[in-house]
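Take a walk through this structure from one end of the chain to the other.

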Amino acid sequence: MIRKTIGQGESSAITRTSTSQSISGLGATPETKSEVIFLDFSPEGLPQPEGFVSIDDHISERERDPDRKAALARARQEIAAELYPNDHSISAMRLQKGWSQQHLAEVMGTSQPQVARIESGRLDPQLSTIRKLVDAFDSDIDTICRALENTK
C-alpha cells in the first residue's frame, strides 16, 4: 500500500492510497489495483488569529474571580428559570444549580465532552454514570432516569 499526500488546503489534506488488496463490496480482486482517497478536515495546523482564546479558556479565566464565578452561576440559574421552567432534563438540572458542563464533569469525575453527549442524548449512560449523576445532583435514581428520558 502506498500513501501519499497530494494536496493540502487551509482546512484539509487529500491523501491518495493505492492498494492491490481486495476491497470488500467494490468488486476489486487481488489482481486489480484500487485507489482510495482520504479527506482529512481536521482543524489541526490551522493558524489561529492573533490573541485567539477558546471559549472554554475564556470562561475558565473568568471563573477564577469568585465574584464573576458567582455571577455566571446566577446567569445559568436565570437561563434555566426563563428558558426551561418545565424542563426536567439533565441540562436543565445542571443549569438550575448554576453549573457549567465543565463543573458537572469535575463533580462526576469525567470530561466535559462526556457531559455534552449525555445532555444531547447521543450517549446512553451506563449504570455507573447514572450513579455519578445521582451523587452529583444529590438526587435519586428515578429522578435522574426521568431526566435522561426527557433528554432524548
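From the N terminus on, the elements run β-β-β-α-α-α-α-α-α-α. That comes to 7 helices and 3 strands. The model is predicted. Of the protein's 152 residues, 24% count as buried. The accessible surface is about 10,700 Å², and 49% of it belongs to carbon and sulfur atoms. Take the contacts between residues at least 6 apart in sequence: 35% of them join residues at least 24 apart.

Now go inside. In soluble globular proteins, nonpolar side chains tend to be buried together. Here the largest nonpolar core has 16 residues. Those with the most contacts inside this core are Ile90, Leu104, Met108, Leu133, Phe137, Ile144 and Leu148. Which helices supply at least two core residues each? They are H3, H4, H5, H6 and helix H7, residues 141-151. H6 gives the largest share, 5 residues.

Neighbours within four places in sequence aside, Leu148 is in contact with Ile90, Ile118, Pro125, Ile130 and Leu133.

H4 spans residues 101-108, and its Leu104, Ala105 and Met108 are buried. Seen down the axis of H4, the buried residues fall within an arc of 100°, so they line one face of the helix. An α-helix has 3.6 residues a turn, so residues three or four places apart point the same way. What covers the buried residues of H4? The cover includes helix H3 (90-96), helix H5 (112-120) and helix H6 (127-137). Just after H4 comes Gly109, which takes a positive phi of about 75°.

Turn next to the surface. Leu83 is found in helix H2, residues 66-83. Is Leu83 buried or exposed? Its relative accessible area is 57%, so Leu83 is exposed. Leu83 also belongs to a nonpolar surface patch of about 270 Å², made with Ile79 and Tyr84.

Finish with Arg62, placed in helix H1, residues 55-62. Arg62 has 31% relative accessibility, so this residue counts as partly exposed. Residues up to four places away in sequence aside, Arg62 touches Arg68, Lys69 and Leu72. Arg62 and Leu72 lie 10 residues apart in sequence. In space they are 8.9 Å apart, C-alpha to C-alpha.

Terms used:
Residues are numbered from 1 along each chain as its sequence is written. This is a predicted model: local features need pLDDT of at least 70, side-chain atom pairs count only at pLDDT 80 or more; totals for chains, interfaces and linings use all residues. Side-chain values use heavy atoms; hydrogens and water are left out. Helices (H or I, at least four residues) and strands (E, at least two) are DSSP runs, numbered from the N terminus. Buried means under 20% relative accessible area, exposed over 50%, partly exposed in between (1.4 Å probe, protein chains only). Contact means heavy atoms within 4.5 Å. The arc is that of the directions from the helix axis to the C-beta atoms. Patches are made of residues with over 30% relative accessible area and no salt bridge: like charges are joined within 9 Å, nonpolar side chains (Val, Leu, Ile, Met, Phe, Trp, Tyr) within 5 Å. Accessible areas come from the Shrake-Rupley method with a 1.4 Å probe; for residues, only the protein chains shown count as cover. A salt bridge is a side-chain nitrogen of Lys or Arg within 4 Å of a carboxyl oxygen of Asp or Glu. A nonpolar core is a set of buried Ala, Val, Leu, Ile, Met, Phe, Trp, Tyr and Cys residues joined through side-chain atoms within 4.5 Å.
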